[in-house]
Amino acid sequence: MTDDAPAIARAVGTGARTTPGDSPVGQPVKFYQVGSFAAGNRLLDEAHRSVQSTLGRTNSLTSGHRACQGCGEALGARYALDAAMRAAQGRMAVVNATGCLEVFSTPYPETSWQIPWLHSLFGNAPAVATGVAAAYRAKGRDDVRVVGQAGDGGTVDIGFGCLSGMFERNDDVLFICYDNEAYMNTGVQRSGATPPGARTATTEAIGREPGNPFGQGKDMPRLAMAHQIPYVATATVAELHDLEAKVEKAMSLRGARYIHLFVPCPLGWGSAPHDTIRLARLVKECGLFPVFEAEHGEVTSVSKIRRQVPVEDYLRLQTRYRHLFGSSEPGGSEGRPDIVERIQRIADANIRRLGLLDETLDEGPPPDGSGGGLSDRAAAGVL
Amino acid sequence: MLRQIEGSRAVAEVVSMCRPEVVCAYPISPQTHIIEAVGRKVKSGELAPCEFINVESEFAAMSVSIGASAAGARAYTATASQGLLFMIEAVFNAAGLGLPIVMTLANRAIGAPINIWNDHSDAMAVRDSGWVQLFAETNQDAADLHIQAFRLAEEVSLPVMVCMDGYVLTHAVERVDLPGQQEVDSFLPPYVPRQVLDPSEPVSIGAMVGPEAFEEVRYLAHVRQLQALELIPEVAGEFAEHFGRPAGGFVRPYRTEGAETIVVAMGSVLGTIKDTVDALREKGTAVGVLGITSFRPFPGAALRDGLAGAKRVVVVEKAFSIGFGGVLSTDVAMALTGLSIPVSTVVAGLGGRPIMGKSLAAVFVDADHGRLGELTFLDLRKDLIDKELARMADRRRSGPTAENVLRDAQSVLPSLT
Ligand SMILES: Cc1ncc(C[n+]2csc(CCOP(=O)(O)OP(=O)(O)O)c2C)c(N)n1
Ligand code: SF4
Ligand SMILES: [Mg+2]
């Protein structure tokens, strides 16, 4: 708890303490939270607190489902949908593609959805969502909002045709991709969103180029932007306020909207369940997953890296990258520093392209995973 | 009102009168005229409220229909052939979810070789999907069956496919008695769904079901087909009363009294068959016809009744199960279990091959004389088959069959009549 003091001091900007509920009106709040988001929430006025911290949250995906411990997707879905439910004033329906989220949430008696929810197939969620939206429109129920959702496979691969069609027609659907970078539900096979070097069951860590090959894969947020849709955003489960703000923003608009949410998967990545949030934070801080927003094809805001960390800090926490790092045991492998270097170059390129580093930013405590940063947008009170 | 109208247009007229709220389709011959005409009605505001959605594939078209239906809208789509196969996963899904979507299937062959002409391979490919499948004999039938389709679908909560022969019906201009809007309204009440995505009463639709309940859920789909089996004649009866003409039902007998040979078929070929039977009857051959309107659910009892007096049955069908034989005839034979009435299969009209009365007459006479084999391919050009088989026997790299046969067909054509 002692760690909290400097964080709170930074939060109020002046070093003076505020009582819970106070809000530093008119000045950007920048603070690192320690341990839980509740601390951060108490520093904001009620209107700016996270949906998750309110008693009135829907619990769209409620407890009792069978996701693995530390599942980023389960967390992300509840965060995103609860925020969407608040924005839609409870009038919302969700269409879910086949995948972990669908499978762990529905079999009786673990059925966990507390909102109207429809699952049809793996590859058609965007089109089904279009149909739901069309039905509401025909019935004069424009007040009921529609969210479609899928894993990365259901989004960038098998559902891509339907998603692109939904975007191109600018149908009134918010589509959320829960990106855990592989086909998890079928046992961790490679998808078009699997990063280079990562081991999956179909890109084993063997051969000259162990893991997933370089030079492949789809940059889905940018593909979404190319459709010129009203809103595209990326987010991670590490930054709740930022995610909620983006969902809320998306819900304030009509037409096709897309949120690409980074959700660590302890089972598929070989990471500790307690590292889910840490990984989601590190992936942004190292530059591998740029967090930004775009409107009508133009980037409108980027979430700056507070202090850059080498990709190695992020990679080392996951056994899917274990083959890249040598072992200290006698006769152990030397690892593949060349591949780590290539991954670093990808991060560097992202940072350059989106200007993710900003020298003028305050320096906070190192993002070692024990603390966390609100994005600048959220921190500036644009919640 | 009587009108000279293209089959597709007639279907578009009645579909619009059924007031679909979401129409979503992807173009494929020979379905295009139907959706173009419905689209025009939506765009002009004549059909409202209705959302007409142009999608990127048939898979999306059926998926949009699924979403729309689950959200409580009356949903309509149309397709054919490759389009039906492209959406097949969603076709099964719609039935599994019990969503009362109505779809026109403008029957067309399935490739390869790609072929846009009529046969029933597409409908047969999804016969086990759980959809109700009704076959139209004429354009009047096609129009009338669509009105019944929405009634049936919504009452039993199952999707219904109205099959009409591509080109033969879809593109044929003939006289059709089109109903008025009020007549349709008083026959077809607004859609009241059994399950709906409603924020005021949240439900999960499409949950995963394991071995503990899957068989039961599947069985209930079968039960709903059996309910449709009861409902089909009821709806047909009501329709006749309401619109003043018969349509729908299970089967339609034609000159079966005293017939020793009864020909069974579905769709527009029944017209040619009836003409042939008329001619044969005049010459004293005791042939009759039993047309099937409802293929799924399969009206086994009605068939058994209709065929019980025959000495033999000939099933003329526009599809076959490669490596086995007839599809429809297998079902017919099942319906006749224990009656020792032999069933012959005549595969005809594949890929749009014209079904000639002369050829049918020869087959029916053969049947009448007890000479017809179990499986006959009508007007099959044995010369072409033999040539390709010889080529294949001659060398390993005999080349693409379709191209070979086509070349032979063109070069041999003048010498044949
Ligand atoms: C047409 C079809 N192909 C394959 C599958 C098998 N399948 C089900 S879920 C899934 C992977 C899902 O991956 P993703 O969309 O990334 O979601 P995740 O499970 O990782 O959350 C696969 C391959 C299927 N259900 N349907
Ligand atoms: S495999 Fe991954 S995505 Fe699936 S439930 Fe487990 S942690 Fe979540
Ligand atoms: Mg995935």
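**Note on the interface of chain A and chain B**

1. Between them, chain A and chain B bury about 2,600 Å², and carbon and sulfur atoms account for 64% of this area. The model is predicted. In terms of residues, 36 from chain A are in contact with 33 from chain B.

2. Polar links across the interface can be listed briefly. Residue pairs in polar contact between chain A and chain B, both residues at pLDDT 80 or more, number 13. The rule also finds three salt bridges between the two chains. One of the three joins Arg169(A) to Glu56(B), with 2.8 Å between the closest N and O atoms.

3. On the side of chain A that touches chain B, two or more residues come from each of these elements of chain A: strand E2 (92-96), helix H4 (100-105), strand E3 (117-119), helix H5 (125-138) and helix H7 (160-168). Of these, H5(A) gives the most, with ten residues.

4. The make-up of that side of chain A is 19 nonpolar, twelve polar and five charged residues. Among the residues of chain A that form salt bridges with chain B is Arg169(A), whose partner is Glu56(B).

5. There is also strand pairing between the chains. E3(A) pairs with strand E9 of chain B, residues 204-205, in the parallel sense and over two bridges. In this pairing Trp117(A) stands opposite Ser204(B), a residue of E9(B).

Methods
Residues are numbered from 1 along each chain as its sequence is written. Chains are lettered from A and ligands numbered from 1 in the order in which they are written. This is a predicted model: local features need pLDDT of at least 70, side-chain atom pairs count only at pLDDT 80 or more; totals for chains, interfaces and linings use all residues. Side-chain values use heavy atoms; hydrogens and water are left out. Contact means heavy atoms within 4.5 Å. Buried area is the accessible area (1.4 Å probe) that two parts lose on being put together, summed over both. A salt bridge is a side-chain nitrogen of Lys or Arg within 4 Å of a carboxyl oxygen of Asp or Glu. A polar contact is a pair of N or O atoms within 3.5 Å; within protein, one must be able to donate a hydrogen and the other to accept it, and residues adjacent in sequence count only if both atoms are side-chain atoms. Helices (H or I, at least four residues) and strands (E, at least two) are DSSP runs, numbered from the N terminus. Ala, Val, Leu, Ile, Met, Phe, Trp, Tyr, Cys and Pro count as nonpolar, Asp, Glu, Lys and Arg as charged, and the others, Gly among them, as polar. Two strands pair if DSSP finds at least two bridges between them.
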